[in-house]
Amino acid sequence: MLNSSVKDLAAGLAQKKFSSVELTKAFLSRIGALNGKFNAFITVDAEKSLAQARAADARIATGQAQPLTGIPVAHKDIFVARDWLTTCGSKILSNFVSPYDAHVIERFNAAGAVLLGKTNMDEFAMGSSSESSFYGPVRNPWNADCVPGGSSGGSAAAIAARMAPAATGTDTGGSIRQPAALSGICGLKPTYGLVSRYGMVAFASSLDQGGPFAKSAEDLALLLNVMADYDERDSTSIERPREDYTHDLERPLSGLRVGVPNEHFGGGLDADVGAAVEAALAQLEKLGAKRVPIELPNSGLSVPAYYVIAPAEASSNLSRFDGVRYGYRAKDYADLADMYKRTRAEGFGAEVRRRILIGTYVLSHGYYDAYYLKAQRIRRLIANDFVEAFKRCDVVVGPTSPTVAFKIGAKTSDPVQMYLNDIYTIPANLAGLPAASIPCGFGAGGLPVGLHLVGNYFAEAKLLNVAHQYQKATDWHRREPAGLQ
Amino acid sequence: MPLTPEEVRAIAELARIGISDAEARTMQAELNKIFELIGRMQKVDTEGIAPMTHAQGVALRLRPDKVTEPDQRERFLKLAPQNEAGLYLVPKVIE
């Protein structure tokens with residue numbers, strides 16, 4: 001069961017080969033055995049999960065099952081879930097038991113899925129290694145001395161170690177795709193606006209987007225079918241006809257135009273990653289795709305623009321954490337201003353404080369035009385690069401991350417080095433485009449390499465089609481870390 | 001232009017985050033490296049380029065001015081570090 005796809009588990013439930021209670025217990029026991037080593041989960045609550053599993057079994061028995069009924073799904077601890085501790089990886093929310101459900105949680109509940117637990121993450125999703133969590137770093141199941149990527153590293157590690165068959169994450173600058181790549185699994189960041197942000201703790205609202213993690217593209221499609229939904233409580237949610245993301249999976253790739261951006265194969269890309277991505281491109285050509293050289297000339301400006309826009313929005317979003325209405329409050333303080341300052345100094349970790357300060361500065365009087373407005377203009381240039389690219393190709397393909405997973409502690413002392421992990425993923429967030437990462441081989445130290453696929457707006461089905469056809473011809477996505485018993 | 005430790009303390013004050021002198025010096029070095037990275041933007045000519053505020057360029061929706069939320073006052077108040085008589089408690093602001 002632990003190694004099966006969501007699709008196979010759903011079939012097993014439908015054929016009564018096992019019950020949701022048995023399935024949920026199997027994953028809970030796997031979590032019990034391995035979470036001490038990998039620290040992928042912040043909260044597990046067997047009683048709550050099993051109650052949902054029993055309800056799912058009852059629903060299956062009456063023939064009212066939907067595709068995900070009875071399937072255990074782990075959720076990043078950024079999605080609030082009613083009566084569940086929801087920390088966002090931070091001390092400042094270390095006592096926050098949510099009074100309501102995020103839209104994404106409501107959707108999974110309505111589908112009859114089982115909430116398997118809340119996964120560990122970089123504090124407030126700010127990071128690329130899952131080391132900045134107040135609850136300790138997540139470790140990579142392929143090598144416990146390495147990071148799993150971030151910020152949704154707990155979700156990625158949970159699937160890589162077979163502690164969950166599926167999970168959710170959020171992606172502001174690469175936080176689904178980069179951990180998927182570094183942990184050897186699949187992840188999808190949908191088009192901005194496709195998945196509701198209601199109940200998803202806000203980091204940078206114009207970039208944040210929730211999405212699924214799984215072992216295969218086919219499973220991602222099943223999860224996205226549940227997650228993608230119009231929601232009037234999210235002011236940027238997009239109203240469009242419902243789509244079945246599995247409908248295009250079997251389309252052959254003959255004639256597909258694969259755009260390969262020069263800029264993503266230059267200096268800074270490790271040779272082992274480059275070789276695995278080249279082999280994947282050759283495989284796509286073998287499947288009938290045509291390789292088209294494209295240019296994303298402003299790609300190099302995406303990291304600088306991102307580190308203005310994301311911290312600016314974060315400094316505004318995180319002003320709500322003041323120790324008054326919920327969350328942590330400092331013990332000793334002289335007056336109200338002192339209470340705010342101590343609460344926030346003690347409640348936020350170093351990276352979060354750094355980003356709040358960057359954001360406060362770039363939005364302060366006299367600097368707005370030079371930083372925020374400038375970054376928004378550059379954002380347009382980056383989005384325009386993709387408009388040009390998609391005139392010549394159907395999907396943009398390259399590496400997800402310039403390196404394989406790095407050692408825990410290797411980049412924590414140099415924020416700029418950490419930021420450069422997301423150099424290939426950030427452009428899709430700035431442009432609002434859908435993008436995925438799927439496993440495409442192994443690099444140095446036997447660590448996984450991710451293939452990055454970017455599509456045009458609302459081309460999720462196309463991305464999943466390309467990924468599924470690639471996965472029918474290869475078995476990288478079926479590999480699992482050795483020695484996890 | 002590089003930030004001074006005094007400027008870092010002033011920004012922290014605006015952000016309502018307490019900071020010690022030692023922390024301000026560490027933060028100053030880190031922020032200056034980050035602003036060096038950000039500074040690469042300044043070389044680009046963006047004259048005449050419209051700022052992009054939102055990926056889809058959609059306008060915010062309007063909704064009818066109707067009550068849609070149920071009253072959950074007690075439930076929400078319970079989450080507060082301190083509350084009394086249906087109010088959030090904070091240190092006295094006016095003597």
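Analyst: In this predicted model, Gly398(A) stands opposite His452(A), a residue of strand 11 of chain A. The pair belongs to the contact between strand 9 (residues 395-399) and strand 11 of chain A, which run antiparallel and are joined by 5 bridges.

Strand 11 comprises residues 448-455 of chain A, and 8 of its 8 residues are buried. In a regular strand, side chains alternate between the two faces of the sheet. In strand 11 of chain A, Pro448(A), Gly450(A), His452(A) and Val454(A) point one way. Val449(A), Leu451(A), Leu453(A) and Gly455(A) point the other way, and the residues of both sets are all buried.

Strand 11 of chain A also pairs with strand 10 (residues 435-442) of chain A; the two run antiparallel, with 6 bridges between them. Within this pairing, Phe442(A) has Pro448(A) as its bridge partner. Strands 10 and 11 of chain A form a hairpin with 5 residues between them. In the turn, Gly445(A) has a positive phi of about 70°.

Helix 3 of chain A covers residues 46-61, that is 16 residues, and reaches 22 Å from its first C-alpha to its last, close to the 22 Å expected at 1.5 Å a residue. Its buried residues are Ser49(A), Gln52(A), Ala53(A), Ala56(A), Asp57(A) and Ile60(A). Because these residues cover an arc of only 145° around the axis, they lie on the same side of helix 3 of chain A. On the other side of the helix, Glu47(A), Ala58(A) and Ala61(A) are exposed. The buried residues of helix 3 pack against helix 1 (6-14), helix 2 (20-38), strand 2 (72-76) and strand 3 (114-119) of chain A. After helix 3 of chain A comes Gly63(A), whose phi is positive, near 70°.

Tyr328(A) is found in the loop between helix 9 (302-317) and helix 10 (336-347) of chain A. Tyr328(A) is buried, because 21 other C-beta atoms lie within 10 Å and the cut-off for burial is 20 or more. Leaving aside residues up to four places away in sequence, Tyr328(A) touches Lys91(A), Ile92(A), Ser94(A), Asn95(A), Gly323(A), Thr343(A) and Gly347(A). Thr343(A) and Gly347(A) are among the buried residues of helix 10 of chain A, which also include Met339(A), Tyr340(A) and Arg342(A). Helix 10 of chain A has 12 residues and reaches 16 Å from its first C-alpha to its last, close to the 16 Å expected at 1.5 Å a residue.

Finally, chain A meets a partner, chain B. The contact takes 52 residues from chain A and 41 residues from chain B. On the side of chain B that touches chain A, helix 1 (5-14), helix 2 (21-38) and helix 3 (73-77) of chain B each supply at least two residues. Helix 2 of chain B gives the most, with 7 residues. The residues on this side of chain B divide into 28 nonpolar, 6 polar and 7 charged. Chain B has 3 helices and 2 strands, in the order α-α-α-β-β from the N terminus. Its radius of gyration is 23 Å, well over the 12 Å that the globule rule gives for 95 residues, so chain B is more spread out than a compact globule. Of the 95 residues of chain B, 17% count as buried.

Methods
Residues are numbered from 1 along each chain as its sequence is written. Chains are lettered from A and ligands numbered from 1 in the order in which they are written. This is a predicted model: local features need pLDDT of at least 70, side-chain atom pairs count only at pLDDT 80 or more; totals for chains, interfaces and linings use all residues. Two residues are in contact if their C-beta atoms, placed from the backbone, lie within 7 Å. Helices (H or I, at least four residues) and strands (E, at least two) are DSSP runs, numbered from the N terminus. Ala, Val, Leu, Ile, Met, Phe, Trp, Tyr, Cys and Pro count as nonpolar, Asp, Glu, Lys and Arg as charged, and the others, Gly among them, as polar. The radius of gyration is taken over C-alpha atoms; the globule rule is 2.2 Å times the number of residues to the power 0.38. A residue is buried if 20 or more other C-beta atoms lie within 10 Å of its own, exposed if 12 or fewer, and partly exposed in between; C-beta atoms are placed from the backbone. The expected span of a helix is 1.5 Å times one less than its number of residues. The arc is that of the directions from the helix axis to the C-beta atoms. Two strands pair if DSSP finds at least two bridges between them.
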